[in-house]
Structure formats: C-alpha cells, structure tokens
Amino acid sequence: MLARIEYALRETWASFRRNLTLTLAAVVTSAIALLLVGTTFLIQRAFENLLVQWRGDVAMIVFVRSDASVEQVALIDSTLRAAPSVIDVDKLRYLDKPESYAEAQRIFVGDPVTLSLLTPETIPTQFKVVPLTQDTNLVRSLADQYRTLPGVEAVALAEDEFEVISTLSSFVRTVTLIMSLVLLVVAIGLIWNTIRTAMFARRREIEVMKLVGATNWFIRVPFMLEGLLQGLIGGVVSCAGVWALNSAWTNGVAAFKPGTGISSLVVPSGYLSGVMIAVLLLGAAIGAIGSAIAASRFLDV
Amino acid sequence: MIKLDRVSKVYGHDTVAVEDVSFDVNKGEFVFLVGPSGSGKSTLLRLMSREEVATEGDVWVAGRNVTEMPASRVPFLRRSLGNVFQDYKLLLNKTVFENVAFALEVIGKPRHVINEQVPFVLDLVGLADKSERFPNQLSGGEQQRVSIARAFVNRPLIMLADEPTGNLDPATSEGIMALLHSINETGTTVMMATHDHRVVNAMRRRVVQLDRGVVVRDQERGVYE
Ligand SMILES: Nc1ncnc2c1ncn2[C@@H]1O[C@H](COP(=O)(O)OP(=O)(O)O)[C@@H](O)[C@H]1O
Ligand SMILES: [Mg+2]
C-alpha cells in the first residue's frame, strides 16, 4: 500500500514538472474561473443586505415612531387593511421592535455609526406592505396619505430606494454567472488537455504497465491526482484572490458616508469563509472531472 | 496450461487472421509457433494475453477462460504471463534496473521484494554488471535480455515470446534461445512465435505450424520445413 502511494505521488510530481506550461495555463484559468464564481457569491450576498427589507415583493414600508401608542399602531393597521383592492392584506406584516432591530443589524452591517445609535427600545417598528396593483402612482398616493397618520415616522417606497440597485444586482449576477460558467468549462477543458497530453507523453510506459498487469486504476490514479491538484491549486489561488478583493472592497466601502446604503454592501466573515471553502471544493471538483474524462478516454493505448 | 478450442479471429469485417485453431499445451512445454509473415502467429499470442478477444471459440490460459474474462480481471491474467517482443518495448528513460523493477512496482510489490528480485533476474540473464545502463547503451541482444528479465521477474507460469530473435544476428539469437531454454527448465511454459528456421531446427521442440491462419502441422521434436 505504501509503495503504491509513494509511486502515485512521485509520478504526479514528475508529470507536473514535465508539463509546466500546460499545467500553468490550466491552473491560472481555474483560478480565474473560481475567482469569478466566488465574487459572484460575494456580490450577491452584499446586495442582499440592502435588499433584505424589500424581500417578498414588499413595495412600501410604513415606519412607526418608537414612542407611538398601541392605539396609534392599531389605527395604522386598520387604515392599511381598509384598502384591500390595492394592498394584499394577507401578506401585510408588522415587525415589532426586536424583529426590526434584527433586520437593522443586517442593513447597517457596514455602518457601525448608525448601528450604535440604534437600540431595541428606540428603533421604529414597521409595516411591510405588498401591493396588489402594478400601478406605482396609486401606491405613491397611498403612501402620501399614510404619512399624515399619527404615529407614522416615515413611509419608504421600494421604487425610490431599490429599483436601480435591484436591476443592477440581477444584471451583475447574470453576467458574472454566465462568465464563470464559461470559464469553468474552459478550465475543465484545459485540465483535460493537460492530462491527455501527459498520458500521451507516457503512452509507452502505459503500454508496458498494461502488459505486465497493472490495473487500470493504478495507471489512472497519478493522472487523476495531477488533475485534482491543478484544480485545487487554482482553488487556493482564487481563495487568496477572493479574500483580497473582499478586504479591499470592505475598506473602500467603510470610507463612504454612513446611511447612504453603500455601506451595507459588505459580507460577514462567516459567509466569506463559506465562499472560500466552496471555491476550494469546486476547484478540486473541476480538476477531478477534467482528469477523469481524460483518464477514462485515453487509457486505450 | 494453454488450451485453444476452435478459435477464430476476424479483424474488422473480413480479415480472417486465424481460423478454427485448436491445440493444447501442457505445463512446462516449449512450443514454437511457426509460419510465414501474416499467417496469424502474433494474433494467437495476443489472444492468449487478451490484447485481442477471439471472434469464436475459447482460449484457456492457466485454467482461466480468457475469452469470457471481464476486463477487470485481465491485469491479473497478465501477471501470470511474461511477454517478450521483437522490439523489446523497453523504456528508454529508465535504467536496466529500473526497467525490470517497473514491472514489479506497477503491480504494487513492496520495495524490499524489488530490491531482492531484480538483481537476481539480472544475474540470471547475465546483465548484473550493466544494471545502471540505459537501453541505448546496450546491444540488441542485451536489450532483449532486459526485456526477458522484465517478463520473468514476477515468475510467470507462461512466457509468450513474439519473434524475440527477429532483430538479432545468429550468434546473439543463440544466446537468447539458451536463455529461454533455461527459463523453460525452471518449469515455465514457453510459447514462441518465429519464422527463424535456424533456432527452430537447433532446438528440436514441439512445432505448431500455421499457414494463412490455419494449423497445418503440430509435431513433437519438429523442425522448420
Ligand atoms: N490489428 C489488426 N487489424 C487488422 N488486421 C490485422 C491486425 N493484426 C493483424 N492483422 C492481420 O491478420 C493477419 C495475421 O497477422 P499476424 O497475426 O500479425 O501474423 P504474423 O504474426 O504471423 O505475421 C494478417 O493478414 C494481418 O494483416
Ligand atoms: Mg507477428
């Protein structure tokens, strides 16, 4: 067993050095593809912070003063329910203080100044309103009406705040997703080609191996390890890239004026490590796929 | 040890390489497969090592039905065979020692077995003092000795040799035949394809003669006609 492992590792390393140029091309392409995948996830997550309060077709948020009385809240509630042809009353949701506070934690994640001003006691509660109509003017006129109700602090409309960001976010997501998919396929192709070339360069050895009774797995394993390693190295490089990009971005965002919304476009570190692990695994996977295809197709020398 | 039962091999649609061939080879026999070029000698050897599969009939090698063997068992069949070829099939970037060791290494034999067996067979084939040389620093006869050492190092039950003297001059051929003879003396069954009259006539062993894929003679202590 030890002899086999030693053999596989030695052959993998030797082959790596023999095909340095092809190997580099495969590794660099994998790294770029994986970096793009990682970035897609990060961008997605950052935008989500901003969009979290509008999740589920919410188009209007009625913020209620933190010192509003129970009667005032009840009045706002019944006023909202009085327009069942415009507002989807089944989806109408009231977030109390703890819920509103939890959500604010996410929205202002990159904005410690604002966060420090908020406490569960002073935070405004909110009604989340899902309209039934597509008519934004109608929703807008309702909003104007609600602003005059006692106890209402402010009324925010999705149209004003997030339409641009939402469009931008889905555009960026589509573009990066397509690009990463294409690059991933290219990376698999390059790994496949490297392994195929490595096997072709050693076809005489493979012929002798089969002749003296080496099993197909014994012949394959070093080549598959080689491909796996290429993908994995690509993954490590892209991990470093993802980390560096995120640090630079987080620092840049911190310079923005608090409360502009930009400051919430940051990613929590737990999510970042998740993305880095995913990128590593994906790297190993493309390496394994590329080399497995090569090893199974070109073993018949 | 080897049994062919009404074996035919057709390449593609209509190239009949061997047709309705049957014979038995006992353990420890030395058999010459003779016949002109294209008569099907190599095809028969390749059927025995399962580099080809018979179109019809059964091939039995060392008690196993090679024709019906699943591909996953073929490596283990090959471990009981030693193959020798006209063109040696040595790896030019490996030394004599490494070429022979390679055969044990790739079937997972531990280092201590390799370090014990390789010098032993290199001594047997008379190349103990050249184990650090590369193949292109050796004569043709010496290269063939290396390939025989590689085929024999795992103590196969059967040696299959396809024109092993085909590239060698008469004097060198004699040495190779003496080596195959001594390997046969250890109890190893030897099956050798050749169209070299002299080696066949000098040895006086069993001769199976092929002509256009058909066995036309099977004779104990035969000569090349
Ligand atoms: N791989 C192959 N594909 C097609 N035809 C083949 C192949 N190998 C051998 N043949 C044909 O089969 C016949 C027997 O060939 P072979 O077994 O090599 O004979 P020998 O070794 O006696 O010269 C020849 O007609 C040859 O052309
Ligand atoms: Mg031949």
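**Ground rules**

I number residues from 1 along each chain as its sequence is written, and I letter chains from A and number ligands from 1 in the order in which they are written. In this predicted model, local features need pLDDT of at least 70, side-chain atom pairs count only at pLDDT 80 or more, totals for chains, interfaces and linings use all residues, and side-chain values use heavy atoms, with hydrogens and water left out.

**Confidence**

I looked up the scores. The model has ipTM 0.92 and pTM 0.76. Chain B has a mean pLDDT of 94, and 100% of its residues reach 70 or more. Here pLDDT is the predictor's confidence in each residue, from 0 to 100.

**Domains of chain A**

I found chain A divided into domain 1 (2-52 + 163-297) and domain 2 (54-159). The bounds come from an automatic or database domain assignment. The C-alpha centres of these two domains lie 44 Å apart.

**The sheet in chain B**

I took strands as DSSP runs (E, at least two residues) and helices likewise (H or I, at least four), numbered from the N terminus. Two strands pair if DSSP finds at least two bridges between them.

What is the strand order of the open sheet of 4 strands? I read β2-β1-β4-β5 in chain B, with antiparallel pairing. Strands β2 and β5 of chain B stand at the edges with a single partner strand each, so one side of each has no neighbour in the sheet.

I then followed the pairs. Strand β1 (residues 2-11) of chain B joins β4 (residues 56-61) of chain B through 5 bridges. Asp5(B) has Asp58(B) as its bridge partner, and Ile2(B) stands opposite Val61(B). Val61(B) also has a bridge partner in β5(B), namely Arg64(B). Strand β5 (residues 64-65) is joined to β4(B) by 2 bridges. Their hairpin has 2 residues between the strands, and Ala62(B) there takes a positive phi near 50°.

**A second hairpin**

I moved on to β9 (residues 206-211) and β10 (residues 214-219) of chain B. They pair in the antiparallel sense over 5 bridges. Val208(B) stands opposite Asp218(B). This hairpin has 2 residues between its strands, and Arg212(B) in the turn has a positive phi of about 45°.

**Around ligand 1**

Next I checked N and O atom pairs within 3.5 Å. A polar side-chain atom of Ser42(B) lies 2.7 Å from an oxygen atom of ligand 1. A polar backbone atom of Lys41(B) is 2.9 Å from an oxygen atom of the ligand. An N or O atom in the side chain of Arg46(B) is 3.2 Å from a nitrogen atom of ligand 1.

Last, I looked up the area. Ligand 1 taken alone exposes 560 Å², and the protein buries 62% of that. The areas come from the Shrake-Rupley method with a 1.4 Å probe.

Key. Polar contact = N/O pair within 3.5 Å; in protein donor to acceptor, adjacent residues only side chain to side chain.
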